Amino acid sequence: MYKRILVPVDGSSASKRGLREALRLARGQKARVILLHVAEEFFVAQAGEALVYAEQMFRVVRASGRRLLARAQAAARKQGVGSRTVLLETVARPVADLIVREARKSKADLIVIGTHGRRGMQRVVMGSDAEQVVRTSPVPVLLVRAR
């Protein structure tokens, strides 16, 4: 039986599908969800030519993450599922590392993560956070594939 389910969310259709599945599972198991968003500031830092705007851009990224987590938490509340939110930031560290670290820290029993299911060159070029989580997770991982 699962008591704590970690659910990384990023606003993508795959992530939304993963969240729906996690809430369904949590409700049936009477579990709580830990909603996690990782703000990737690396892309902001690489895109910004002027350092003057970097902090302002980081604030926008963080605010967006907080809004995303608030929507996910509202969805959990609507389903009668207890939840808490975690917002992490990274500049160069892989997102998968932070997801696995949070699973350990939160003592999660399961990670439910949406995935795009990329294969071939798309996966090689873009990488796969979900695949890296599966490889390094200390707990079971449920991958929910986007349509």
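1. Leaving aside neighbours within four places in sequence, which residues is leucine 19 in contact with? They are Val7, Val9, Leu35, Ala72 and Ala75. Contact here means heavy atoms within 4.5 Å.

2. A note on the basis. This is a predicted model, with residues numbered from 1 along each chain as its sequence is written. Local features need pLDDT of at least 70, side-chain atom pairs count only at pLDDT 80 or more, totals for chains, interfaces and linings use all residues, and side-chain values use heavy atoms, with hydrogens and water left out.

3. The largest nonpolar core has 19 residues. Such a core is a set of buried Ala, Val, Leu, Ile, Met, Phe, Trp, Tyr and Cys residues joined through side-chain atoms within 4.5 Å; buried means under 20% relative accessible area (1.4 Å probe, protein chains only). Ile5, Val7, Leu19, Val33 and Leu35 touch the most other members. At least two residues each come from E1 (4–8), H1 (13–29), E2 (32–40), H3 (54–78) and E4 (110–115). H1 gives the largest share, five residues. Helices (H or I, at least four residues) and strands (E, at least two) are DSSP runs, numbered from the N terminus.

4. A second, separate core holds 18 residues, including Leu98, Ala103, Ala108 and Val133.

5. The sheet is open, with five strands in the order E3-E2-E1-E4-E5 and parallel pairing. Two strands pair if DSSP finds at least two bridges between them. Strands E3 (83–90) and E5 (141–145) are at the edges with a single partner strand each, so one side of each has no neighbour in the sheet.

6. E1 and E4 run parallel, joined by two bridges. Isoleucine 5 stands opposite leucine 110 in E4.

Conventions. Buried means under 20% relative accessible area, exposed over 50%, partly exposed in between (1.4 Å probe, protein chains only).
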